[in-house]
Amino acid sequence: MTITLYGYGPAWGLACVSPFVTKVTNYLTMAEIPFTFVQQDPTTLQKDSPTAKLPRIVDEDGTQVHDSTRIIQYLKDKYGDKLDASLSPAEHAQGLAFQRMVEEYTYWTGIIQPRWRYPAEFEKYIPFMVGTDDPPAPVREFLYALRDRIADQQDKQGTGKRPDEDVLAALKEDLDAIEAFIGDKQFLLGDEPTSYDATVYSTLRQITDPTPWDWAGRDYARSKTGLVAYENRMRDRFGI
């Protein structure tokens with residue numbers, strides 16, 4: 001069996017610049033499911049994906065699945081739930097709460113804000129998305145249209161209308177909460193990793209690892225010794 005996973009370009013030692021794509025690469029690696037990574041052509045994304053978003057997978061039988069959470073559920077249903085089978089309902093609830101936090105809030109304050117919100121920083125980000133310092137005009141047009149949509153989404157989500165210092169403070173609160181909850185455990189929910197680690201670790205790496213811009217949120221994340229130790233444990237165990 002081989003899954004084909006489509007994502008954006010790699011950067012900073014990460015498989016992809018998208019936390020939702022690296023969530024899936026993390027899960028596939030942790031669950032020991034073979035896969036091939038393919039960089040998506042951004043100019044055909046709207047044709048290739050009904051949501052015009054990544055990740056998407058194509059299974060060996062031709063089945064296509066979109067959305068990172070739906071992809072992981074599909075993989076569990078088809079290939080078995082190697083990581084989460086022993087979790088109690090209460091542990092699932094805790095994992096889901098942290099997954100929702102990092103995907104519905106920390107994502108906006110810690111990833112969208114520094115990369116997409118400011119024109120100068122967005123220009124630094126473009127080469128990492130497309131793998132070239134000089135993308136053709138159609139690609140740039142697509143990316144700037146995408147930036148407009150994401151800015152509108154962030155405004156509707158709420159953080160896009162808040163002052164920069166409030167967004168940074170909210171990110172710090174989330175990072176503090178993750179570190180406090182992990183505490184002296186090896187992983188998010190205990191001494192063995194679960195699919196929820198694939199998500200939380202993905203988000204943390206996407207905050208701590210990017211290098212092209214200086215940003216207080218990244219520096220704060222790097223200062224959290226508990227989070228850095230957690231990232232190191234995940235990296236050492238799975239090579240991700």
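Which residues line the largest cavity?

Mentor: The lining of the largest cavity is made up of Tyr8, Gln39, Gln40, Pro42, Leu45, Met129, Val130 and Leu143. Before we go on, keep in mind that this is a predicted model, where local features need pLDDT of at least 70 and side-chain atom pairs pLDDT 80 or more, while totals for chains, interfaces and linings use all residues. Residues are numbered from 1 along each chain as its sequence is written, and side-chain values use heavy atoms, leaving out hydrogens and water.

The largest cavity has a volume of about 60 Å³, and there are 3 cavities of 30 Å³ or more. (On a 1 Å grid over the protein atoms alone, a cavity is a set of points where a 1.4 Å probe fits but cannot get out; a pocket is an open set with protein on both sides within 12 Å along at least five of seven lines; lining residues have an atom within 4 Å of a point. Points are joined across faces, edges and corners, and the volume is the space filled by probe spheres set on them.) Its lining splits into 6 nonpolar and 2 polar residues, with no charged ones. (Ala, Val, Leu, Ile, Met, Phe, Trp, Tyr, Cys and Pro count as nonpolar, Asp, Glu, Lys and Arg as charged, the others, Gly among them, as polar.)

Setting aside residues up to four places away in sequence, Ala52 touches Leu45 and Gln46 (contact means heavy atoms within 4.5 Å). Ala52 sits in the loop between α2 and β3 (helices, H or I of at least four residues, and strands, E of at least two, are DSSP runs numbered from the N terminus). Ala52 counts as buried because its relative accessibility is 17% (buried is under 20%, exposed over 50%, partly exposed in between, with a 1.4 Å probe and protein chains only). The loop between α2 (45–48) and β3 also holds Pro55, and a cis peptide bond joins Leu54 to Pro55, with omega at about 15 degrees.

β3 (residues 56–58) and β4 run antiparallel and are joined by 3 bridges (a pair needs at least two DSSP bridges). His66 of β4 is the bridge partner of Arg56.

β1 is mostly covered, with 5 of its 5 residues buried. Ile3, Leu5 and Gly7 are buried on one side, Thr4 and Tyr6 on the other. β1 and β2 run parallel, joined by 5 bridges, and Thr4 stands opposite Thr36 in β2.

In the loop between β4 and α3, Asp67 has a positive phi of about 85 degrees although it is not a glycine; Asp67 is partly exposed, at 40% relative accessible area. In the loop between α1 and β2, Glu32 has a positive phi of about 60 degrees, and it isn't a glycine either. With 59% relative accessible area, Glu32 is exposed.

Last, the largest pocket, with about 780 Å³ of space. It is lined by 31 residues, and the closest to its centre are Phe20, Lys53, Leu54, Tyr107 and Gln153. α4 gives the most to this lining, with 11 residues. By class, the pocket lining has 17 nonpolar, 7 polar and 7 charged residues.
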